[in-house]
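Let's take a friendly walk through how two chains meet, and then stop at one residue along the way.

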2 protein chains.
Amino acid sequence: MGETTVAVWTAQEQTIARHAFDAAQSRAVASLITTVQTQAARVSSVDSLWHLHDYLSIQRHGLEGRFDFRLDGILFVFASLVKDGLLGLDELDGLDPEKLAKIAAMARF
Amino acid sequence: MGETTVAVWTAQEQTIARHAFDAAQSRAVASLITTVQTQAARVSSVDSLWHLHDYLSIQRHGLEGRFDFRLDGILFVFASLVKDGLLGLDELDGLDPEKLAKIAAMARF
């Protein structure tokens, strides 16, 4: 067991991971859209318009960096998504227990 | 007369120019805010959100480049603003006739 179990992903695990990843990404995007729409509706000056632009630039950069589906870093991604409330640990049910334990432990940091 | 009249700006002309410039800038900003708010309200996917971001990037760059108040290039700026409907020639009343004629002529191109 050990490193091997964590590094190996069965086809079923990959499907679970992809589904969880997509769900978390959809939530992050939906949350960002709501925030942007609220901010945009309040824009009343050129300063607040550029503030919205800056905010979008930062969020886009963050989102594109964060949602990178590669299995070799996915445990860290899942831990950060669980920590930020974008993913429930229960959505990862079906992954092997060692992976789940690592994600849960990292999400507590 | 000639070049001298166009190059020299009396204090009164500078006040008129500044006022017209500010008015056109306010209109351009107001128009952009309306467009951004309309687009933002329609955003429903990550693609349309990034499209809004790209649009804002381009518009910001254009606006910041265009609204540069320097007397030595201001006749060109005014001509382009008149051409684009952001400024009326009547708002420049009080500038010397030669400047007005140049602006009107360039605005027709």
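Which side chains meet in a salt bridge with 2.8 Å from N to O? They are those of A:Asp54 and B:Arg60. Please keep in mind that this is a predicted model.

## Polar links across the interface

Polar contacts between chain B and chain A come to 14 residue pairs, with both residues at pLDDT 80 or more.

Helix α3(B) provides the largest share, with eleven residues. By residue type, the side of chain B that touches chain A holds 13 nonpolar, five polar and four charged residues.

In total, 22 residues of chain B are in contact with 22 residues of chain A. The two chains bury about 1800 Å² between them, and carbon and sulfur atoms give 72% of that area. Within chain B, the residues that lose the most area to chain A are B:Trp50, B:His53 and B:Arg60, which together make up 35% of what that side buries. B:Arg60 is also the chain B partner in the salt bridge with A:Asp54.

## A stop at B:Gly65

Helix α3 of chain B also contains B:Gly65. Is B:Gly65 buried or exposed? B:Gly65 counts as exposed because its relative accessible area is 53%, and the cut-off for exposed is over 50%.

B:Gly65 and B:Ala101 are 36 residues apart in sequence, and their C-alpha atoms are 25 Å apart in space.

Technical notes:
Residues are numbered from 1 along each chain as its sequence is written. Chains are lettered from A and ligands numbered from 1 in the order in which they are written. This is a predicted model: local features need pLDDT of at least 70, side-chain atom pairs count only at pLDDT 80 or more; totals for chains, interfaces and linings use all residues. Side-chain values use heavy atoms; hydrogens and water are left out. Contact means heavy atoms within 4.5 Å. Buried area is the accessible area (1.4 Å probe) that two parts lose on being put together, summed over both. A salt bridge is a side-chain nitrogen of Lys or Arg within 4 Å of a carboxyl oxygen of Asp or Glu. A polar contact is a pair of N or O atoms within 3.5 Å; within protein, one must be able to donate a hydrogen and the other to accept it, and residues adjacent in sequence count only if both atoms are side-chain atoms. Helices (H or I, at least four residues) and strands (E, at least two) are DSSP runs, numbered from the N terminus. Ala, Val, Leu, Ile, Met, Phe, Trp, Tyr, Cys and Pro count as nonpolar, Asp, Glu, Lys and Arg as charged, and the others, Gly among them, as polar. Buried means under 20% relative accessible area, exposed over 50%, partly exposed in between (1.4 Å probe, protein chains only).
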